[in-house]
Amino acid sequence: EKTVHIKCNITTDSSFSAESVQTIKNNLINKLEAYTNGQSVTVTSLYSAIYVSGVTDVTSLTTSINGTTYGTTPITVGVSQVARTSADAIEVIVNE
């Protein structure tokens with residue numbers, strides 16, 4: 001298992017609720033749970049999981065394998081590995 005850290009900056013409107021951040025995290029976790037062994041993670045594949053009710057824009061979306069250095073380069077996953085994430089590995093920054 002290869003942990004993918006995700007950081008996203010979003011712009012929201014009044015329909016964005018307190019539960020929306022957790023919904024985004026759950027969507028991202030579920031998205032990666034569908035990935036199979038050896039399937040690389042691209043930033044563009046994650047956008048749809050972030051657009052929940054109240055999100056008007058994703059101003060930045062980056063990933064990391066170490067939680068320190070983030071970027072937009074695809075994360076390569078070995079044939080015997082599978083990409084996963086967790087709520088602790090996801091940071092959602094809300095710009096209202």
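A: We begin with the polar contact, which is a pair of N or O atoms within 3.5 Å; within protein, one must be able to donate a hydrogen and the other to accept it. The structure shown is a predicted model. In it, a polar atom of the T85 side chain lies 2.7 Å from the backbone oxygen of V4.

Q: Where does T85 lie?
A: T85 is found in the loop between β4 (83–84) and β5.

Q: Is T85 buried or exposed?
A: A residue counts as buried under 20% relative accessible area. T85 has a relative accessible area of 11%, so T85 is buried.

Q: Which residues does T85 touch?
A: Leaving aside residues up to four places away in sequence, T85 touches V4, I6, L28, I29, L32 and I90.

Q: How many residues has the largest nonpolar core?
A: The largest nonpolar core has 24 residues, and I10 and I24 are those with the most contacts inside it. At least two residues of this core come from each of β2 (5–12), α1 (20–33), α2 (47–50), β3 (55–64) and β5 (90–95). The largest share, four residues, is supplied by α1.

Q: What does I24 touch?
A: Not counting residues up to four places away in sequence, I24 touches I10, F16, A49, I50, V52, V55 and V92.

Q: How many aromatic pairs are there?
A: Rings pair if their centres lie within 6.5 Å. By this rule, the count of aromatic pairs is zero.

Q: What sits over the ring of Y70?
A: The charged end of K7 sits over that ring, 4.3 Å from the centre of the ring.

Methods. Residues are numbered from 1 along each chain as its sequence is written. This is a predicted model: local features need pLDDT of at least 70, side-chain atom pairs count only at pLDDT 80 or more; totals for chains, interfaces and linings use all residues. Side-chain values use heavy atoms; hydrogens and water are left out. Rings of Phe, Tyr and Trp (its six-membered ring) pair if their centres lie within 6.5 Å; planes under 30 degrees apart count as stacked, over 60 as edge-to-face and the rest as tilted. A charge sits over a ring if NZ of Lys or CZ of Arg is within 6 Å of the ring centre and within 35 degrees of the ring normal. A nonpolar core is a set of buried Ala, Val, Leu, Ile, Met, Phe, Trp, Tyr and Cys residues joined through side-chain atoms within 4.5 Å. Buried means under 20% relative accessible area, exposed over 50%, partly exposed in between (1.4 Å probe, protein chains only). Contact means heavy atoms within 4.5 Å.
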